[in-house]
Amino acid sequence: MSDAPKLTTTAGAPVADNQNALTAGARGPVLMQDYQLLEKLAHQNRERIPERVVHAKGWGAYGTLTITHDITQYTKAAPFSEVGKKTEMFARFSTVAGELGAADAERDVRGFALKFYTEQGNWDLVGNNTPVFFVRDPYKFPDFIHTQKRHPKTNMRSATAMWDFWSLSPESLHQVTILMSDRGLPVGVRNINGYGSHTYSFINARNERFWVKFHFKTMQGHKHWTNAEAAEVVGRTRESTQDDLFRAIERGDLPKWKVQVQIMPETDAEKTSYNPFDLTKVWPHGDYPPMDVAILELNRNPENYFAEVEQAAFSPSNIIPGIGFSPDKMLQARIFSYADAHRHRLGTHYEALPVNAPRCPMHHYHKDGQMRFFANNPNPDAYYEPNSFNGPVQSPEFAEPPLKISGDADRYDHREGNDDYGQPRALFNLFDDGQKSRLFSNIAEAMQGVPEFIVDRQLGHFEKVHPDYAAGVRDALAKMAK
Ligand code: NDP
Ligand code: HEM
């Protein structure tokens, strides 16, 4: 007799036959009472959950954050409490626009989402492989994403929509330049940097606030594909990134990133020429030099892609004592958006799923709903608050210092008085001739089929970054027209 485990129904009853339906006669129809078949088909119908509305295609792995430098003068956050401290974490990387089955080797921003299981709760840093973003006001996010997804009538992606939106939104220039540069098409996620992108706050043990930006510098080196190379890769495999990351971890070639922070004293925010909470801007390294803090290493593949990667739920609202938000308008909107998406995509108590569950004691008064499979509070009589039965209570010692906010409540034009060209120029000036020439041809390729008046409007923006930028794209367009 085989020692394989016995197949059962989900209720635990043994299954006598998993090959042949229960029928009236050898050729007859299936009997309604074949409940095991009904269960099998019903489960299959429920195997898919809504894919993420953005960043649907992704790849994940577990890892460890190890602190290398003392930054306790800036933050009391648990992962940074001492040099040598290790914190377990989970990472999910992604493309933005493609659906769940999209090819990996596409020109797109890469998501860089990290969940640190700290002893004071989960800290999620949900960033990208770019330090900036396409828009700076959350009103523009759904519109921007609509231009990246499919046209409602043709069901095709639309270059016209993309360049129409970008050319009408000059704040996108910085990110568009990165997207169309070499770094817009990485060979895999081991070869990208990650950025927290937003400004966050650090709070130290004296309850002083600093502004902080997080950087994750790849230790595997940057590697990119040209459009032509990527087309060839996609022809061979649509899963190039999944394959690259999974195999590297299986063979023990563990990907690592050097973690750095830029720190800005709280009151500097009133003095910088640029708005330090503007997501379309970096803090120049010359002004705020990156400091080494830690090493991030990925070292374990998930056992079940659906359970651990597809059901992973990252949210910028997951902060811990010592790390806080900033006035960045985009960050403020994201604080709402992600947990809302998770309740829709996964269900009310999605944080009870193993990949999302904190690895520290957790006590709250949320009660029923989908996925209520966690235990009661230690005393079952303490199911409301306040109570007389020793239920969990608040901890005032974790209150953040007050944040000074001033100004009239109004809708301020975020384009007024904002230099959208200086930082893209600094980036353009970093590129060597080869990088510039690939930037021009990538843009020209991406503009194929776009009406001339939209191309002209965008060329006007390139011109304001640098005359060579506009001239280069014009030449590349002319060459392609031939
Ligand atoms: P620095 O010369 O000190 O920094 C340049 C940064 O640019 C480095 O972090 C480098 O990353 C990165 N970089 C190099 N090539 C590319 C590329 N093709 N695409 C995207 N990033 C690239 O200058 P500044 O701090 O004054 O910034 C100048 C410009 O560099 C900015 O306007 C911005 O576009 C870009 N940048 C700046 C960052 C910042 O936080 N200040 C972060 C990333 C980009 P690496 O070290 O990995 O090579
Ligand atoms: C995923 C909204 C801006 C990075 C998502 C999801 C939503 C969303 C709803 C799907 C979440 C899920 O179903 O689990 C928004 C809104 C934004 C915004 C409303 C602006 C107002 C940004 C920015 C970044 C970013 C600026 C990076 C700096 C990501 C990443 C994911 C994601 C990495 C995938 C997370 C994962 O791997 O599960 N976003 N987003 N987003 N977003 Fe955003």
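Colleague: Which residue does UniProt list for "binding site"?

Modeller: The unreviewed UniProt entry lists Y338. Such positions are given in the numbering used here, feature names are shortened, and annotations may be inferred rather than shown by experiment. This is a predicted model, where local features need pLDDT of at least 70, side-chain atom pairs count only at pLDDT 80 or more, and totals for chains, interfaces and linings use all residues. Residues are numbered from 1 along each chain as its sequence is written, while chains are lettered from A and ligands numbered from 1 in the order in which they are written.

Colleague: Thanks! Where is the place of Y338?

Modeller: Y338 sits in helix α8. Helices (H or I, at least four residues) and strands (E, at least two) are DSSP runs, numbered from the N terminus.

Colleague: Does Y338 count as buried or exposed?

Modeller: A residue is buried if 20 or more other C-beta atoms lie within 10 Å of its own, exposed if 12 or fewer, and partly exposed in between, with C-beta atoms placed from the backbone. Y338 counts as buried because it has 20 C-beta neighbours inside 10 Å.

Colleague: And which residues is Y338 in contact with, leaving aside its neighbours within four places in sequence?

Modeller: Two residues are in contact if their C-beta atoms, placed from the backbone, lie within 7 Å. For Y338, leaving aside neighbours within four places in sequence, these are F314, S315, P316 and S317.

Colleague: Which residues does the UniProt annotation "active site" cover?

Modeller: The unreviewed entry covers H55 and N128. They are spread over 74 residues of sequence but cluster in space, with a largest C-alpha distance of 10.5 Å. H55 is found in the loop between α1 (35-45) and β1 (58-67), whereas N128 belongs to strand β4 (residues 121-128).

Colleague: Why does N128 count as buried?

Modeller: Because N128 has 24 C-beta neighbours inside 10 Å. H55 is buried too, with 22 other C-beta atoms within 10 Å. Not counting residues up to four places away in sequence, H55 is in contact with S94, V96 and G111, and N128 touches V109, R110, G111, F112, Y195 and S197.

Colleague: Now the ligands. Which residues come nearest to ligand 2?

Modeller: A residue is near a molecule if its C-beta atom, placed from the backbone, lies within 6 Å of it. Ligand 2 has 28 residues around it, of which H55, R92, G111, S197 and A341 come nearest. Helix α8 gives the most to this shell, with eight residues. The shell divides into 15 nonpolar, nine polar and four charged residues. Here Ala, Val, Leu, Ile, Met, Phe, Trp, Tyr, Cys and Pro count as nonpolar, Asp, Glu, Lys and Arg as charged, and the others, Gly among them, as polar.

Colleague: How many residues surround ligand 1?

Modeller: There are 16, the closest being V282, P284, H285, Q423 and L427. Helix α9 (residues 422-430) gives the most to that shell, with four residues. By type, the shell holds eight nonpolar, five polar and three charged residues.

Colleague: Last one: which residues touch the most other members of the largest nonpolar core?

Modeller: A nonpolar core is a set of buried Ala, Val, Leu, Ile, Met, Phe, Trp, Tyr and Cys residues joined through C-beta atoms within 7 Å. In the largest, with 61 residues, M89, A91 and I323 touch the most other members. Strand β3 (residues 110-118) gives the most to this core, with five residues. A second, separate core of 25 residues includes W163, A444, V473 and A476.
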